[in-house]
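Here is a friendly walk through one model, with the cut-offs stated as we go. Please keep the viewer open while you read.

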Amino acid sequence: MCLHIDIPSSFSSLLNRIKGGGEAAAADPPLTPEDIKGVLEGRGWEVEIVKASSMPMLTVDPKGILKCVDGRGSDNTAFQGPKMAGGIYAIAHNRGTTSIEGLKAITKEVIKAGHVPSVHGDHSSDMMGCGFFKLWVTGRFDDMGYPRPEFDADQGAAAVKEAGGHIEMHHGGHAEKVVLINLVENKTLDPIEDDQRFIVDGWTAGKFGLDVPKFLVAAAATVEMLGGPKKAKIIIP
């Protein structure tokens, strides 16, 4: 299944705001891969739409952790879980969930949905080693309307672990060459430490009832703010 089937029509309004065109009409069409390509190109990205058959896709394994899009090496080897910016922080961020109790509830929700929830740190900054969380907690998303979390990185990690989640630790430096935006349901890709790429499993936003356009724009903004590559492949069935 491709992501565009269940995308809310609010995307065109968001697209117009990004381009400075104001609000769109009420009867907007649903989001398509071409729409995503257009928005990213409007932000100065180089974008290609590719078929899943041309990519080394993996079937999502319930034992794989729902992890961050980070392409660096990791102490985790269960890479066949879905990938979202910041791991389960992406869900909290999109929903405006800022409390510890809310984060614990999301952790349990992800477990119930058949995945291993996680957040991560790294070898140099401990739990502040997640770039997405660092941007969120320091207010870099304020102008996009996202409230900051009421917890710090250590408190968030402790809450996720207490609720049954996994703490992943990355190592090494960022060297991602491309952002892979995967729209093929129940599929993912391997980050590959020696050939790094950011992996955004866009279909996960629909699975967890998120605002899909905001989810994708937040992921793109994260890559931009962290100085990542403005080059993407959008993967379709």
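Two strands count as paired if DSSP finds at least two bridges between them. Helices (H or I, at least four residues) and strands (E, at least two) are DSSP runs, numbered from the N terminus. This is a predicted model, in which local features need pLDDT of at least 70 and side-chain atom pairs count only at pLDDT 80 or more, while totals for chains, interfaces and linings use all residues. Residues are numbered from 1 along each chain as its sequence is written, and side-chain values use heavy atoms, with hydrogens and water left out.

**The sheet**

Let us begin with the strands. Four of them form an open sheet in the order β3-β5-β6-β4, with mixed pairing. Its edge strands are β3 (65-66) and β4, each of which pairs on one side only. Strand β4 (residues 73-74) runs antiparallel to strand β6 (residues 166-171), and 2 bridges join them. Within that pairing, Gly73 has His171 of β6 as its bridge partner. Strand β5 (residues 116-122) pairs with β6 in the parallel sense, over 5 bridges. There, His120 is partnered with Glu168 in β6, and Gly121 with Met169 in β6.

**Helix α2**

Which residues of helix α2 are buried? In this helix (residues 33-42), they are Pro33, Ile36, Val39 and Leu40, where buried means under 20% relative accessible area, exposed over 50%, and partly exposed in between (1.4 Å probe, protein chains only). Viewed down the axis of α2, the buried residues fall within an arc of 125 degrees, so they line one face of the helix. That arc is taken from the directions from the helix axis to the C-beta atoms. An α-helix has 3.6 residues a turn, so residues three or four places apart point the same way. On the other side of α2, Glu34 and Gly42 are exposed. Just after the helix, Gly44 adopts a positive phi of about 90 degrees.

**Salt bridges**

Searching the whole structure gives 10 salt bridges, each defined as a side-chain nitrogen of Lys or Arg within 4 Å of a carboxyl oxygen of Asp or Glu.

| Pair | N to O distance |
|---|---|
| Arg43 and Glu224 | 2.8 Å |
| Arg72 and Asp122 | 3.0 Å |
| Lys177 and Asp195 | 3.2 Å |

Arg43 and Glu224 form a salt bridge. This pair links distant parts of the chain: Arg43 is in the loop between α2 and β1 (46-51), and Glu224 is in helix α8 (residues 212-225), 181 residues apart. Arg43 is partly exposed at 25% relative accessible area, and Glu224 is partly exposed at 26%.

Arg72 and Asp122 also meet in a salt bridge. Arg72 sits in the loop between β3 and β4, and Asp122 in strand β5, 50 residues apart. Both Arg72 and Asp122 are buried.

Lys177 forms a salt bridge with Asp195. Lys177 lies in the loop between β6 and β7 (179-182) and Asp195 in the loop between β8 (187-188) and β9 (198-201), so the pair ties together parts that are 18 residues apart in sequence. Lys177 is exposed at 53% relative accessibility, whereas Asp195 is partly exposed at 35%. Salt bridges that share partners also join Asp70, Arg72 and Asp122 into one network.

**Cysteines**

How many disulfides does a search of the whole structure find? The search finds 0 disulfides, a disulfide being a pair of cysteine sulfur atoms within 2.5 Å. The sulfur of Cys68 has its closest cysteine sulfur in Cys130, 4.5 Å away, which is too far for a bond. Cys68 is buried, with a relative accessible area of 7%, and Cys130 is buried at 0%.
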